[in-house]
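Welcome to a short tour. Open your viewer, get the selection tool ready, and follow along stop by stop.

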Amino acid sequence: MRFDTIIRNGTVVTASDSFICDVGIRDGRIVALAADLTDADEIIDATGLFVLPGGIDSHVHLDQPSGDGIVMADDFDSGTRSAAVGGNSTVLAFCMQEKGQSLRQALNVYHAKAEGKCHVDVSFHLVITDPTPDVLGQELPALVEDGYTSLKVFMTYEGLRLRDDEILATLDTARRTGALVMVHCENEDAIRYLIGRHEEEGRLAPKFHATTRPIAAEREATHRALSLAEIVDVPIVIVHVSNREAMEEIRRARQRGQTVAGETCPQYLMLTAEDLDQTEMEGAKFVCSPPPRDKASQEACWEGLEQGVFDLFSSDHCPFRFDDVEGKLNDKGKRHFRWIPNGIPGVATRLPILFSEGVMKGRIDINRFVALTSTNHAKLYGLYPRKGTIAIGSDADIALWDAGLKVTLTNDMLQHGADYTPYEGLAVTGWPVRLLLRGKTIVENGDLLPGGDRQGGYVPREKSSLVR
Ligand code: URP
Ligand code: ZN
Ligand code: ZN
């Protein structure tokens, strides 16, 4: 058998097994896993390296409108470039419905934003902000059939949040159509009340973003989202969980028999609310929602990753420039935390942080790493087994990892559009030294190869393993 490429003598890792073998690739797919493969146009020596499925980051915000005069720092070009540099071969971005807009119109806008720009494969979650009878009754069922099989709803953010009856109607449509709903769980009314109190007291610095979004507001909304899903009997994903109390809600719902997936993110392992409490507006760099909590919450999130409460480790990459009037330091944001755009960059740092802090420090094994960063994303969002594993017939989306390589994170190496990383100076061990997208090397030694850029495309998806 002749191959286009053979990856020779690496340690192939899936969510369940690790074994040394060669990987034979033809026409962008894996066609052989065996010892001593020969006869290929290209032979890549992977001796001493891990051969992992490319990362799939299922929670990435790119080129979204973000309020008056605020511009997201990454479009589909820079965002997917950064994703590739960080070892990801697929990202799931959000297609945000504007009020009054049909979902088809919204998708046309996001397909146009992505067209011809992507360096890795891309698919879209639909964000439902205007669940009219037409959207839920006509559009969504047709779009699910067309491969848009997941959606997100917000319980917070004025203008985006849905009321409980709207969430129920959306969940019910998801049940009927087989879509999977991701829920951002924070109690908007409580947050608005607390912002009002902070305003009366003149507490407007970035650190007060965290005190107006307390754990109880996330825990309550998580409980409510799970209860609403129970009422209409549908699986859901609780995204970006930041603390033990919200996490325990997921555990309890499972004990009641509900089907729930849980997601956490690097910021909840690595940052705390103290990072928001700095001079010279520096804290604005860390403003995201839910906010980072405390050391105990970090430990709880690690426990959730180790014990399987969390199925997904995603970045929630939502980048804004710091020193920029269109970013964190916009005029209103300098005077009041509520105008600091929410979100931090992280698509390139997600995998190295979990590898270094999780695998290298013995908290999780390499197979769990693959599950949390690739395989489970593929299964939950309808890409498996085409993506998310190393198996015969799967796309040859492969990251070669040097587990011993020590790297100090700096903003420049991440190649995103933001002018900072929250993890500047963090020393990590382990780095993706080469990335193949559908059999073609697109990144080597930290850079996109000249002929390897803009190879990404849109991927339609099957239904989630949770709803099938
Ligand atoms: O602060 C965050 N996480 N911004 C992104 C939007 C979201 O809620 O996921
Ligand atoms: Zn969210
Ligand atoms: Zn998000």
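Buried means under 20% relative accessible area, exposed over 50%, and partly exposed in between, using a 1.4 Å probe and protein chains only. This is a predicted model, in which local features need pLDDT of at least 70, side-chain atom pairs count only at pLDDT 80 or more, and totals for chains, interfaces and linings use all residues. Residues are numbered from 1 along each chain as its sequence is written, chains are lettered from A and ligands numbered from 1 in the order in which they are written, and side-chain values use heavy atoms, with hydrogens and water left out.

Select the zinc ion (ligand 2). Its donors (N, O and S atoms within 2.8 Å of the metal, or 3.2 Å for Na, K and Ca; water is not among the atoms, so sites may look incomplete) are Lys152 (NZ), His184 (ND1) and His240 (NE2), at 2.1 to 2.2 Å. His184 sits in strand 10 (residues 180–184) and His240 in the loop between strand 11 (236–238) and helix 8 (244–255), so the pair ties together parts 56 residues apart in sequence. Helices (H or I, at least four residues) and strands (E, at least two) are DSSP runs numbered from the N terminus.

Now click each histidine: His184 is buried, at 1% relative accessible area, and His240 is buried too, at 2%. Next, pick the zinc ion (ligand 3), which is 3.8 Å from the zinc ion (ligand 2).

**Second stop: a helix pair**

Show helix 4 (residues 164–177) and helix 7 (residues 215–232). Which residues of helix 4 meet helix 7? With contact meaning heavy atoms within 4.5 Å, they are Asp164, Ile167, Leu168, Leu171, Asp172 and Arg175.

Notes
Axes are lines fitted to C-alpha atoms, for helices over the stretch in contact, and angles run from 0 to 180 degrees between N-to-C directions.
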